[in-house]
Amino acid sequence: MIPGIPLTAVLIVVTADNPDAFAERAALLFGLMMVASTFATSRLGNRGVDKIFVDGRVLAALVAAAFLGFVAQAPDSPYASPWEWDEPNAADASVREAALLLTADDAVRASPSALAPLAERRWLYELSSTEQPQVIFATDRVRAVLIDERTLPELDDEARLAQRESFQPAMAQRGFELIYEDSANGVWLYYRQ
């Protein structure tokens with residue numbers, strides 16, 4: 001780990017004005033930690049006749065480090081938002097309600113946040129969440145499009161309304177009908193017969 005000390009010092013100096021950037025650049029340290037831990041764990045135990053004995057404190061430290069890493073970094077960590085963990089909100093309930101309107105044989109293109117309630121169907125396609133929805137995804141196979149606006153890029157209210165007004169006629173032109181609308185939560189389900 002000694003080669004990681006100068007790298008850490010440089011990262012702290014470089015990211016002094018933006019502490020969030022340290023977490024992004026600290027990934028370089030993980031490579032050094034992996035190499036160091038490989039050599040360190042190879043010398044942990046004492047050889048016995050048939051097995052290697054490892055001190056329980058070392059194993060407890062490894063379990064504690066793994067747990068703390070999960071709590072600090074994992075996106076589904078209870079530390080990230082403990083009051084919302086495993087509690088569906090109104091938008092999730094709206095997505096599930098829209099998913100119940102579809103049959104199991106329908107090919108669906110859906111936003112990433114709406115894929116879980118639709119996961120067991122044969123034809124399921126992910127809608128890109130990095131750009132505004134386009135009508136180009138309406139292929140012959142897709143019969144339904146489920147849009148959850150939480151995964152779309154942020155827009156102000158006027159731009160979002162203008163986007164909806166231009167998107168709906170284009171979908172109707174391709175034969176899709178709006179069968180579920182929850183504008184309060186931003187969930188839209190289009191279906192083609």
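## Report on a predicted single-chain model

The chain exposes about 13400 Å², of which carbon and sulfur atoms supply 59%; accessible areas come from the Shrake-Rupley method with a 1.4 Å probe, and for residues only the protein chains shown count as cover. This is a predicted model, in which local features need pLDDT of at least 70, side-chain atom pairs count only at pLDDT 80 or more, and totals for chains, interfaces and linings use all residues. Residues are numbered from 1 along each chain as its sequence is written, and side-chain values use heavy atoms, with hydrogens and water left out.

### Overall architecture

Six helices and seven strands are present in the chain. Helices (H or I, at least four residues) and strands (E, at least two) are DSSP runs, numbered from the N terminus. Along the sequence their order is α-α-α-β-β-α-α-β-β-β-α-β-β. Of the 193 residues in the chain, 27% are buried; buried means under 20% relative accessible area, exposed over 50%, and partly exposed in between, with a 1.4 Å probe and protein chains only. A contact requires heavy atoms within 4.5 Å. Among contacts between residues at least 6 apart in sequence, 48% join residues at least 24 apart.

### Nonpolar cores

A nonpolar core is a set of buried Ala, Val, Leu, Ile, Met, Phe, Trp, Tyr and Cys residues joined through side-chain atoms within 4.5 Å. The largest one has 14 residues, and Leu102, Leu118, Leu146 and Leu189 touch the most other members. Two or more residues of this core come from each of H5, E3, strand E5 (144-148) and strand E7 (187-191). Apart from this core lies another, of ten residues, among them Leu127, Val142, Phe176 and Tyr190.

Leaving aside neighbours within four places in sequence, Leu118 is in contact with Ala99, Leu102, Val108, Ala110, Leu124 and Leu146. Ala110 is found in strand E3 and counts as buried because its relative accessibility is 0%. With the same exclusion of neighbours within four places, the contacts of Ala110 are Leu115, Leu118, Tyr125, Glu126, Leu127 and Leu146. The C-alpha atoms of Ala110 and Val145 are separated by 5.7 Å, although these residues are 35 apart along the chain.

Ser94 lies in helix H5 and is buried, with a relative accessible area of 3%. Not counting residues up to four places away in sequence, Ser94 touches Tyr180, Asp182, Asn185 and Val187.

Leu101 is placed in the loop between helix H5 (90-99) and strand E3 (108-110). Not counting residues up to four places away, Leu101 touches Ile179, Tyr180 and Leu189. Ile179, in strand E6 (residues 177-182), is in contact with Leu101, Leu189 and Tyr191, neighbours within four places again being left aside.

The table lists C-alpha separations for two pairs from this region.

| Pair | Distance along the chain | C-alpha separation |
|---|---|---|
| Leu101 and Leu189 | 88 residues | 9.1 Å |
| Ile179 and Arg192 | 13 residues | 9.6 Å |

Both Leu101, at 47% relative accessibility, and Ile179, at 36%, are partly exposed.

A salt bridge is a side-chain nitrogen of Lys or Arg within 4 Å of a carboxyl oxygen of Asp or Glu. By this rule the count comes to one salt bridge. Arg143 forms a salt bridge with Asp106, and the closest N and O atoms are 3.8 Å apart. Arg143 lies in the loop between strand E4 (124-126) and E5, and Asp106 in the loop between H5 and E3, so the pair ties together parts that are 37 residues apart in sequence. Arg143 is partly exposed, with a relative accessible area of 31%, whereas Asp106 counts as buried at 3% relative accessibility.

Arg192 is found in the segment after E7 and counts as buried, because its relative accessibility is 16%. The side chain of Arg192 reaches the backbone oxygen of Val142 at 2.6 Å. A polar contact is a pair of N or O atoms within 3.5 Å; within protein, one must be able to donate a hydrogen and the other to accept it, and residues adjacent in sequence count only if both atoms are side-chain atoms.

### Surface patch

Val54, Leu59 and Leu62 form a nonpolar patch on the surface, with about 250 Å² of accessible area together. Patches are made of residues with over 30% relative accessible area and no salt bridge; like charges are joined within 9 Å, and nonpolar side chains (Val, Leu, Ile, Met, Phe, Trp, Tyr) within 5 Å. Leu62 lies in helix H4 (residues 56-73) and counts as partly exposed at 47% relative accessibility.
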